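I opened the notebook to record what I looked up in this structure. The entries follow in the order I made them.

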Amino acid sequence: MSDAEVVTRIENGVGRITLNRPKAIHALNRAMCEAMTEALLAWRSNPSVSSILIDHAGERGFCAGGDIRMIAESGAGDASEAKAFFLAEYRLNHLMFDYPKPIIAIVDGIVMGGGVGISEPADIRVATERTTYAMPETGIGLFPDVGGGWFLPRLPGQTGVWLALTGARLKAADTVALGIHTHFVPADRVEALKADLMGEAADPSSVVARHAGDAGPAPLSAHREAIDRLFAFDTVEEIFQALEVDGSEWALKQLETLKTKSPQSLKVSLRQIRTGATLNSFADNMAMEYALGGRVVRTHDFQEGVRAVIVDKDNAPKWSPADLSGVTDETLDALFAPSPDNEKWTPLA
């Protein structure tokens with residue numbers, strides 16, 4: 001394997017993209033996004049490429065997200081580097097979403113944040129028993145970007161709201177049941193799956209179906225009714241109240257989790273998802289997230305969340321405002337305002 005952080009090549013009609021930054025669990029930076037974009041653009045009209053395979057080197061995971069430390073350092077200044085990263089990352093997400101050839105993503109291990117952004121747009125999304133999926137952004141003062149505003153509200157019931165607000169981690173049985181991932185393949189069969197994909201580049205669906213197995217019963221199914229009932233509200237305050245009134249052990253555990261998250265991020269994420277549900281295109285969603293992201297990374301809560309979780313690792317963030325009542329509609333309106341015309345996010349041509 002090359003020393004490059006992303007390895008791209010064509011093998012037997014398959015355009016292969018391998019994430020190759022294993023020590024950082026393949027956390028995405030701008031150069032990695034641009035390398036993937038360059039390859040996908042080159043292969044889009046190349047008749048010798050029938051399908052695309054995205055996988056990763058090593059065994060620690062698919063992709064743990066974006067380079068959060070860099071984004072925070074940029075956000076502490078003028079945020080120009082963070083915005084440049086978001087521009088490249090979101091254009092990659094959109095390119096994959098609209099790609100004319102089938103894309104297969106094998107998410108064997110951790111898949112969070114930015115890793116979700118480069119796997120959810122794929123036509124075929126393969127999980128294994130080692131897969132752990134999460135959008136944990138409310139715990140660092142951010143929001144579930146990279147298309148979360150599009151994908152999460154389109155999950156069954158209110159599961160997308162629950163995932164966004166709590167940052168809950170799911171294993172393959174639940175992700176496949178919810179449609180986050182399309183297939184389950186045992187980890188010890190992944191290499192055989194890849195070999196067969198190389199042999200039948202034009203028909204990846206049939207290949208994956210042959211290798212797919214049963215992920216087992218979905219633990220979340222026992223709580224689906226409660227999720228759909230308790231997370232159906234349009235304000236975070238109402239969700240808190242519903243959980244408290246319900247009073248079940250599970251509901252109170254969700255409430256306890258939510259109270260550790262950034263109040264600003266909880267309100268931002270709920271509005272993002274409710275807005276995303278009304279949008280007509282993935283591009284419109286990415287434009288919303290780009291405008292929002294460039295502002296949120298400059299806020300106290302994102303800076304403090306990164307300090308507490310990633311820099312100092314004391315896991316004791318001091319959110320400001322400290323409770324939901326301090327996060328006003330005016331604050332949210334300012335964060336969600338469209339970008340000026342000369343700063344709007346646009347897809348690649």
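**Helix 13**

I began with helix 13, where I found Pro263, Gln264, Ser265, Leu266, Lys267, Val268, Ser269, Leu270, Gln272, Ile273 and Gly276 buried. The model is predicted. Helix 13 covers residues 263-276, and its end C-alpha atoms are 20 Å apart. That agrees with the 20 Å that 14 residues should span at 1.5 Å a residue. I noted that 11 of the 14 residues are buried, so helix 13 is largely enclosed by the rest of the structure.

**Whole chain**

Next I looked up the overall make-up. I noted 16 helices and 9 strands in the protein chain. The radius of gyration is 20 Å, close to the 20 Å from the globule rule for 349 residues, so the chain is as compact as a globular protein of that length. Its C-alpha atoms fill a box of roughly 60 × 50 × 40 Å along the principal axes. Buried residues make up 55% of the 349. I then checked contacts with a separation of 6 or more: 73% of them come from residues 24 or more positions apart. The accessible surface is about 14100 Å², and carbon and sulfur atoms account for 51% of it.

**Record entry**

**Helix 3**

Helix 3 runs over residues 80-97, which is 18 residues. I read 26 Å from its first C-alpha to its last, close to the 26 Å expected. Its buried residues include Ala82, Ala88, Glu89, Tyr90, Leu92, Asn93 and His94. What do the buried residues of helix 3 pack against? I listed helix 1 (30-44), strand 3 (51-56), helix 2 (68-75), strand 5 (103-107), helix 4 (114-117) and helix 14 (282-296).

**Aromatic pairs**

I counted 8 aromatic pairs in the structure. The rings of Phe85 and Phe86 have centres 5.9 Å apart and planes at 45°, so this pair is tilted. Both Phe85 and Phe86 are buried. Phe97 and Phe151 also form a tilted pair, at 6.2 Å centre to centre with 55° between the planes. Phe97 lies in helix 3 and Phe151 in helix 5 (residues 148-151), so the pair ties together parts 54 residues apart in sequence. Phe151 has 16% relative accessible area and is buried. I also noted one aromatic cluster formed by Phe97, Trp150, Phe151 and Phe282.

Last, I checked the backbone. A cis peptide bond joins Ser320 and Pro321, with omega about 0°. I placed Pro321 in the loop between helix 15 (300-311) and helix 16 (329-336).

Which non-glycine residue has a positive phi of about 60°? I found that value at His26. His26 sits in the loop between strand 2 (14-19) and helix 1. Its relative accessible area is 1%, so His26 is buried.

Ala79 also has a positive phi, near 70°, and is not a glycine. I placed Ala79 in the loop between helix 2 and helix 3. With a relative accessible area of 0%, Ala79 is buried.

Notes. Residues are numbered from 1 along each chain as its sequence is written. This is a predicted model: local features need pLDDT of at least 70, side-chain atom pairs count only at pLDDT 80 or more; totals for chains, interfaces and linings use all residues. Side-chain values use heavy atoms; hydrogens and water are left out. Helices (H or I, at least four residues) and strands (E, at least two) are DSSP runs, numbered from the N terminus. The expected span of a helix is 1.5 Å times one less than its number of residues. Buried means under 20% relative accessible area, exposed over 50%, partly exposed in between (1.4 Å probe, protein chains only). Contact means heavy atoms within 4.5 Å. The radius of gyration is taken over C-alpha atoms; the globule rule is 2.2 Å times the number of residues to the power 0.38. Accessible areas come from the Shrake-Rupley method with a 1.4 Å probe; for residues, only the protein chains shown count as cover. Rings of Phe, Tyr and Trp (its six-membered ring) pair if their centres lie within 6.5 Å; planes under 30 degrees apart count as stacked, over 60 as edge-to-face and the rest as tilted.
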